Amino acid sequence: MAQLSAQVLNSLRPRTPSACSSTTMASLWYGTQTPIASVKVSPGFWGSAEFNSCRLSVLGSDRSRNFSVVRDSAERSEGGVAMETVGDNQVEDSPGKLEERDFTGTPYVPIYVMLPLGVINMNCELVEPEVLLNQLKVLKSVGVDGVMVDCWWGIVEAHNPQGYNWSGYKRLFQIVRDLNLKLQVVMSFHECGGNVGDDVHIPLPHWVTEIGQKNPDIYFTDKEGKRNNECLTWGIDKVRVLRGRTAVEVYFDYMRSFRVEFDEFFEGGIISEIEVGLGPCGELRYPSYPENHGWKYPGIGEFQCYDRYLMKNLKEAAEARGHSFWARAPDNTGSYNSQPHETGFFRDGGDYDSYYGRFFLNWYSRFLVDHGDRVLALANLAFEGTCIAAKVSGIHWWYKTASHPAELTAGFYNPCNRDGYAPIAAMLKKHEAALNFTCVEMRTLDQHEGFPEALADPEGLVWQVLNAAWDANIPVASENALTCHDREGYNKILANAKPQNDPDGRHLSAFTYLRLSPVLLEGHNFMEFERFVKKMHGEAASES
């Protein structure tokens with residue numbers, strides 16, 4: 001599984017925090033339902049700032065779901081954070097030392113650990129099986145429930161269409177079964193490499209890249225014409241350009257081959273879940289922020305709909321709407337590293353909320369949902385009776401703006417006046433699929449200190465997405481976006497996994513830790529990890 005880019009990682013590094021402007025701080029408050037004439041946040045929080053009711057009035061919204069400054073105390077007062085009451089709400093004061101919450105007796109949340117990306121080499125051979133066996137025994141000793149592994153399309157079907165080689169995976173699965181561990185298996189239809197922690201390069205199958213050399217429109221394309229060969233454009237989902245097959249037929253044949261080859265592991269209950277890759281990094285999103293095209297955090301990214309197949313579909317959608325002149329992508333969206341206020345489309349009051357803007361964003365996001373719908377329908381056919389899941393990325397930068405531009409370019413139509421994740425949750429519900437979401441270890445305050453101009457809010461985003469999934473009554477699993485070895489990060493995961501005082505007792509269905517490494521198994525790091533596992537399991541754990 002791939003992770004967030006190096007630029008996102010850099011955003012977490014502390015920088016000298018500056019005092020927030022009234023505009024920036026006011027943007028943290030849209031969604032509050034309490035009339036406020038003037039609110040002062042103490043200097044111990046995000047610098048000193050005053051809010052005036054005239055600044056807040058334009059930000060009012062019924063979306064009170066996602067804000068890190070204001071929230072019901074039962075949901076947001078994660079032990080030890082001083083709270084200042086304003087009306088019926090509370091405002092976090094300076095974060096003191098967090099008190100440890102007792103998770104004894106709380107629901108059991110299974111813990112999986114991602115295996116190294118290079119555990120299977122390009123010849124589909126298991127790498128250093130004895131080392132892996134010993135590491136898995138250590139994980140088993142502290143109660144880890146299972147492991148997650150990517151089954152790479154570029155390895156298994158590398159040379160010829162429907163010429164599958166599963167040999168290395170079969171040996172790996174036998175080791176996991178012998179240790180009585182469970183397996184989460186990822187159908188990885190994307191390229192590996194170019195992200196933080198990607199220490200190997202696994203391209204798409206050779207026969208696919210040969211097709212791409214003659215027909216580069218099989219890849220997502222930006223407005224400059226640059227192709228992204230990390231995965232195939234969804235525009236060919238139903239077009240026979242892959243040696244007589246459509247893209248979704250290729251994915252289905254691959255999944256069906258896996259199901260037949262590993263039947264004994266399904267029947268024996270060893271394979272507990274199949275996560276279906278739906279885009280770059282295996283995530284359901286457009287590849288809107290590729291580093292190899294010059295993107296740097298916290299750039300807003302670019303729309304990725306300029307291949308001829310998606311443009312043809314856009315033209316058909318515009319004509320069906322009766323406005324053929326809308327058969328284009330917006331031309332005032334800036335570039336990969338623009339900020340929203342620099343663009344005519346994403347700025348406050350910009351074209352994103354015009355008649356044309358709403359048409360385009362509806363089309364763009366609908367294509368994302370439709371792709372997930374098509375592939376998951378076939379996954380259910382291939383894996384009937386087995387839990388399936390889809391991964392959604394946590395695009396948390398620019399979340400505190402009105403347009404949410406980084407989410408829009410990635411395909412999540414989630415501006416401040418619209419819930420962009422409810423349609424995805426509804427689609428997953430249709431297929432009884434679980435949602436796997438990232439960045440549950442991140443704290444908004446850390447983001448502000450590291451890169452305040454990004455107006456990021458991972459806590460607000462997690463809150464919104466988890467509730468969209470729970471409201472749709474689908475299982476919600478999660479994983480950390482970046483490496484985590486410290487107690488503070490683990491405590492944040494625990495708080496999201498088991499929300500305190502939730503009247504419905506909702507909690508994550510599973511958590512997958514990124515990733516197995518020698519560093520994780522080092523003394524202090526592993527002690528913290530063992531403590532985390534116990535708390536996720538609802539067992540008593542030492543607070544030392």
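This is a predicted model: local features need pLDDT of at least 70, side-chain atom pairs count only at pLDDT 80 or more; totals for chains, interfaces and linings use all residues.

Residues are numbered from 1 along each chain as its sequence is written, and side-chain values use heavy atoms, with hydrogens and water left out.

**Stop 1**

Now select residues 271-276, which form strand 11. Helices (H or I, at least four residues) and strands (E, at least two) are DSSP runs, numbered from the N terminus.

How many of the six residues of strand 11 are buried? Five of the six are, and the strand is mostly covered. Buried means under 20% relative accessible area, exposed over 50%, and partly exposed in between (1.4 Å probe, protein chains only).

**Stop 2: the whole chain**

Zoom out for a moment. The protein chain has 18 helices and 15 strands, and buried residues make up 60% of its 544 residues. With contact meaning heavy atoms within 4.5 Å, take the contacts between residues at least 6 apart in sequence: 76% of them join residues at least 24 apart.

**Stop 3: the nonpolar core**

Select Tyr169, Phe173, Leu232, Phe258, Phe360 and Phe529, the residues with the most contacts inside the largest nonpolar core, which has 152 residues. The largest share of this core, 13 residues, comes from helix 12. A nonpolar core is a set of buried Ala, Val, Leu, Ile, Met, Phe, Trp, Tyr and Cys residues joined through side-chain atoms within 4.5 Å.

Centre on phenylalanine 173 next. Leaving aside residues up to four places away in sequence, phenylalanine 173 touches Val149, Cys151, Leu183, Val185, Phe258, Phe262, Phe265 and Ile271.

**Stop 4: aromatic pairs**

A search of the whole structure finds 51 aromatic pairs. Rings of Phe, Tyr and Trp (its six-membered ring) pair if their centres lie within 6.5 Å; planes under 30 degrees apart count as stacked, over 60 as edge-to-face and the rest as tilted. Select tryptophan 153 and phenylalanine 189: their ring centres are 5.9 Å apart and their planes meet at 75°, so this pair is edge-to-face.

Then move to phenylalanine 360 and tryptophan 363. Their ring centres are 5.9 Å apart with the planes at 40°, so the pair is tilted. Both residues are buried, and being three residues apart in helix 12, they are separated by about one helical turn.

**Stop 5: charges over rings**

Show arginine 259 with phenylalanine 266: the charged end of arginine 259 sits over the ring, 4.4 Å from its centre. Arginine 374 lies over the face of phenylalanine 367, at 5.6 Å from the ring centre. A charge sits over a ring if NZ of Lys or CZ of Arg is within 6 Å of the ring centre and within 35 degrees of the ring normal.

**Stop 6: helix 14**

Select residues 422-430, helix 14, where Ile424, Ala425, Met427 and Leu428 are buried. Seen down the helix axis, the buried residues fall within an arc of 160°, so they line one face of helix 14; the arc is that of the directions from the helix axis to the C-beta atoms. What covers them includes helix 12 (355-382), strand 12 (387-392), strand 13 (434-437) and helix 16 (458-471). After helix 14 comes glutamate 432, with a positive phi near 50°.

**Stop 7: two buried loop residues**

Finish with lysine 400, in the loop between strand 12 and helix 13 (405-410). Is lysine 400 buried or exposed? At 7% relative accessibility, lysine 400 counts as buried. Last, select valine 119, in the loop between strand 6 (111-114) and helix 5 (129-141); valine 119 is buried, with a relative accessible area of 7%.
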